[in-house]
Amino acid sequence: MIAFPRRVARRFRAACAKCTSGRPRGPAPCVVIRQADDRVTLTATFPEVTLELACAVPLVRGRAAVLIVPMTALEAVGADTDESVEFDAGEGLTGVARWAGPGSVPVAFVLPGRQHDPPPRPEMKPVPAGFLAALHEAARTSSREDGRYALSRVQVRGATGHVIGTDGKLAVVFGPFVLPFASDVLVPAVPLFGAPEVRAAGDVRVGRTDAHLVVSAGDWTAWLTVAPVGKYPDVAAAVPRHAPTAVVLDRGDAADLLSQLPGLPGREHDQRPVTLCADGALAVRAGDDAGAVKEVRLARSPVTGSVVRVVLDRRALARVLTLDCTALRISPDKALVATGDGVTVLAAPLDPELAVAPEPRAYAPISDPDTNSKRSTSVKPNDSNGPAHGSRHDPPAGDAPDPLVAAEELRAALADAAAKAARLVAALKASRKEQKVLASVLANLKQLNLGTGELR
């Protein structure tokens, strides 16, 4: 007989649901319940993850035991209570699980085998609690399928201490962490480390065996199977060495932008594009096929360097903001680089043709209400002794326009005109190519001597 709190069964089953990526296939694995002295462990082995949960129980000397039960048995006995449940094996492989009161369910136990032996436990070294978040966020960023590279996995680089995940369009790099091994390993991208039951645990430790990366947190231990083969892209090489434009995001601006992103126009587009325009301050624009345009200006987020415009998937921008990356480096036609505390995000730009040009009064400012009044200035008229004979008499000026605002509008108009000119040049080049192809086809037809004879 082995007894442990019903709460343990519930927690373990909830975490087991996070040990596979995507929808689980096939039957659930069995659970190995092992008791030794004052400690009970529950262990389940999935295709690429083995998960263990330990709990302390009253000391029962000489009562070491191993029972193997179906996962459905934990579903039947689990509850949010510290009340104990007892698994009692009778004759053969039949038995019962009972708890206080009338509660009890029959259990069909499984015959133990070598596959139920505990996995090897290496020497474990402590790492910061952020290592769990790094594994979780890297797994979220990974792809569902592999191609040339093993993008469905998370890379842990022992020598540099980085945890990396990418789907080929977005990449996250966490660290560095001090790890007790020097090799690079590819491990499954599973949502286990984002589960509330695991992420709240403290005392995070890491170890390495020949076949597993072992991560423990509190009473939890996970053996992640290391892929024996597989290539992974060199994410570090994709970081631009020099970026002409830098942005420092104000956290208030970032929070406001994050709340507005889902409602910006163009969310029905497959790529959900938004245009980032860095010009003294950062502006984020979006539009749709109906011509609706909305602009969000981040007036408290200063920009240094040259004026640049880049198009991103708003989901990638949301990840940047969610991971609290406040420093942006923008380069034309290169990945946007965003950095925060212990994290770097690379977001690949979309087609520049998806860029949205500015439109007057199409923005929702994120700034102090007194910003416009502070920028208003008065322009002193030129002194003169009177108009010269034959000169034009200009009407008296009322409120003189702000020259800075006018300059910004002119710059935006010029940028829009340049973009339209570039699209026109591209269209003309395409038309010229079509004409050359048509001329070549006609010449080949003449060589084949295909006349335009009449039908008979």
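Student: Two strands pair if DSSP finds at least two bridges between them, and with that in mind, how many bridges join strand 7 to strand 8?

Tutor: Strand 7 (residues 94–99) is joined to strand 8 by 5 bridges, and the two run antiparallel; strands here are DSSP runs of E with at least two residues, helices are runs of H or I with at least four, and both are numbered from the N terminus. Keep in mind that this is a predicted model, in which local features need pLDDT of at least 70 and side-chain atom pairs pLDDT 80 or more, while totals for chains, interfaces and linings use all residues. Residues are numbered from 1 along each chain as its sequence is written, and side-chain values use heavy atoms, without hydrogens or water.

Student: Which residue stands opposite valine 96?

Tutor: Valine 96 faces proline 106, which belongs to strand 8.

Student: And what is the strand order in the open sheet of 4 strands?

Tutor: The order is 1-6-7-8, with antiparallel pairing. Strand 1 and strand 8 (104–108) are the edges, and because each has a single partner strand, one side of each is left without a neighbour in the sheet.

Student: Next, the open sheet of 8 strands: what is its order?

Tutor: That sheet is also open, its pairing is antiparallel, and its order reads 5-2-3-4-16-15-14-9. Strand 5 (65–69) and strand 9 (125–126) are the edge strands, each pairing on one side only. Within the sheet, strand 3 (residues 39–45) pairs with strand 4 (residues 49–56) in the antiparallel sense over 7 bridges, and threonine 43 stands opposite glutamate 52, a residue of strand 4.

Student: Changing topic, how many aromatic pairs does a search of the whole structure find?

Tutor: The search finds 2 aromatic pairs. One of them is formed by phenylalanine 4 and phenylalanine 87, whose centres are 5.7 Å apart with 10° between the planes, and it is stacked. Rings of Phe, Tyr and Trp (its six-membered ring) pair if their centres lie within 6.5 Å, with planes under 30 degrees apart counted as stacked, over 60 as edge-to-face and the rest as tilted.

Student: Where in the chain are phenylalanine 4 and phenylalanine 87?

Tutor: Phenylalanine 4 is in strand 1 (residues 2–5) and phenylalanine 87 in strand 6 (residues 84–89), and the pair links distant parts of the chain, 83 residues apart.

Student: Is phenylalanine 4 buried or exposed?

Tutor: Phenylalanine 4 is buried, at a relative accessible area of 1%, and phenylalanine 87 is buried at 0%; buried means under 20% relative accessible area, exposed over 50%, and partly exposed in between (1.4 Å probe, protein chains only).

Student: What about phenylalanine 131 and phenylalanine 177?

Tutor: Their ring centres are 5.3 Å apart and their planes stand at 90°, so this pair is edge-to-face. Phenylalanine 131 lies in helix 3 (residues 130–141), whereas phenylalanine 177 lies in the loop between strand 12 (170–174) and strand 13 (184–188), so the pair ties together parts that are 46 residues apart in sequence. Phenylalanine 131 is buried at 0% relative accessibility, and phenylalanine 177 is buried at 13%.

Student: Which residues touch the most other members of the largest nonpolar core?

Tutor: They are Phe4, Phe12, Phe87 and Leu192, in a core of 96 residues, to which helix 3 gives the most, 6 residues. A nonpolar core is a set of buried Ala, Val, Leu, Ile, Met, Phe, Trp, Tyr and Cys residues joined through side-chain atoms within 4.5 Å. Another core, of 10 residues, lies apart from the largest one and includes Ala150, Ala171, Val173 and Leu346.

How values were computed: Pairing = 2+ DSSP bridges.
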